[in-house]
Amino acid sequence: MQKRRFTALIAGMFASAALGLSLPATSATYKDEYKLSTVLGEAYPWGWGAKRWADLVAEKTQGRIKIKVYPGASLVSGDQTKEFTALRQGVIDIAVGSTINWSPQIKELNLFALPFLMPDHKALDALTQGRVGKKVFDLLAERDVVPLAWGENGFREVSNSKKPIRSPEDLKGLKMRVVGSPLFLATFTALGANPTQMSWADAQPAMATGAVDGQENPLAVFNAAKLHTVGQKHLTLWGYVADPLMFVVNKNVWNSWSADDQKAVREAALQAAKEEVARARAGISAGDDALLKEIQANGVSVVTLTDAERGAFRKATAGVYKEWADKIGADLVKQAEEDIARR
Ligand code: X2X
């Protein structure tokens with residue numbers, strides 16, 4: 001009798017231990033490692049910013065929160081447009097993601113990809129740091145993530161292996177690799193190009209083999225990825241769109257942390273994002289053109305457009321702008337236009 005009761009007790013202990021293991025993490029449970037997703041690695045401002053955030057979090061939480069960066073969108077097998085869904089589902093704990101890659105799930109993020117909406121960095125800041133940025137973060141918060149800071153991939157310049165691009169006519173028939181949302185297909189189709197969507201992982205081999213003629217990405221990406229080695233000899237500075245980055249945490253993960261640790265993670269995100277934006281902007285403007293010089297030294301010919309030339313691209317994409325402004329939400333687009341005008 002005694003023995004049987006003892007056996008039952010032991011069995012019960014094992015059962016609850018096993019049960020305990022399969023229960024979801026309680027608020028007191030921290031993971032050994034949190035998975036942070038990015039598309040680009042540490043050689044790029046984007047991946048550098050993510051690593052910086054992870055390091056600052058480790059420091060500020062005395063190692064209670066350990067974050068590992070998974071570049072190449074590897075947690076979703078490189079399929080960067082699935083990143084946000086995986087983040088909501090908890091497959092990814094934390095992310096530094098581009099508005100472009102998350103725009104298939106959050107249509108308002110297409111705002112930043114409206115052709116020629118933002119003329120300069122000040123315009124981009126007026127959006128991310130103003131009421132538009134707040135509205136977008138509110139939308140993210142409704143979708144199971146906690147948004148903490150705005151970073152930057154950058155103004156996306158167009159390159160190709162065939163010829164200098166100065167007018168929409170020059171783009172006619174060029175096979176262009178584009179990302180993310182159907183808005184990019186619409187823009188390049190309106191310009192007479194032949195756009196095809198693919199992930200960043202697939203884009204580089206496609207350029208190397210000549211399966212595509214060109215692509216569009218910020219100068220920091222062009223340079224770090226050494227796109228001159230995959231035939232990209234012609235680069236046009238047209239600044240037609242810019243993609244900001246968002247530093248976010250899955251809501252369940254966030255809620256599992258103490259208030260002090262949440263504060264530390266938020267402060268770390270703001271600091272890392274600020275430093276990351278500075279890196280994304282380094283060397284690409286009149287005051288500091290070191291990066292641009294490096295690209296040219298690699299044999300890339302760079303076309304800078306006059307206002308009139310830029311105007312021709314704007315005109316050719318005006319219909320796409322109008323159509324997509326309605327899809328994104330006329331009110332949000334109007335606010336963005338007002339805030340840019342007032343910058
Ligand atoms: O795929 C791209 O072009 C990249 C790296 O810029 C993004 O993830 C948006």
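N217 puts a polar side-chain atom 2.6 Å from an oxygen atom of the ligand. That makes a polar contact, meaning a pair of N or O atoms within 3.5 Å (within protein, one must be able to donate a hydrogen and the other to accept it, and residues adjacent in sequence count only if both atoms are side-chain atoms).

| Residue | Distance from a polar side-chain atom to a ligand oxygen atom |
|---|---|
| N217 | 2.6 Å |
| R177 | 2.8 Å |
| R156 | 2.9 Å |

The protein covers 100% of the 270 Å² of accessible area that the ligand has on its own, with areas taken from the Shrake-Rupley method and a 1.4 Å probe.

A quick word on the source: this is a predicted model, where local features need pLDDT of at least 70 and side-chain atom pairs count only at pLDDT 80 or more, while totals for chains, interfaces and linings use all residues. Residues are numbered from 1 along each chain as its sequence is written, and side-chain values use heavy atoms, with hydrogens and water left out.

Now for the shell. It has 13 residues, with Q80, N101, R156, R177 and N217 the closest; a residue counts if one of its heavy atoms lies within 4 Å. By class, that's 5 nonpolar, 5 polar and 3 charged. The ligand lies between domain 1 (29-153 + 244-281) and domain 2 (157-241 + 284-341), because both give residues to the shell. Those bounds come from an automatic or database domain assignment.

What about the space itself? The ligand takes up the largest cavity, where a cavity is a set of points on a 1 Å grid over the protein atoms alone where a 1.4 Å probe fits but cannot get out, and lining residues have an atom within 4 Å of a point. Its volume is about 110 Å³, and the count comes to 1 cavity of 30 Å³ or more. Of the 15 lining residues, W46, Q80, N153, R156 and N217 lie nearest the centre.

How values were computed
On a 1 Å grid over the protein atoms alone, a cavity is a set of points where a 1.4 Å probe fits but cannot get out, and a pocket is an open set with protein on both sides within 12 Å along at least five of seven lines; lining residues have an atom within 4 Å of a point. A molecule sits in a cavity or pocket if more than half of its atoms lie within 2 Å of its grid points. Ala, Val, Leu, Ile, Met, Phe, Trp, Tyr, Cys and Pro count as nonpolar, Asp, Glu, Lys and Arg as charged, and the others, Gly among them, as polar. Grid points are joined across faces, edges and corners, and a volume is the space filled by probe spheres set on the points.
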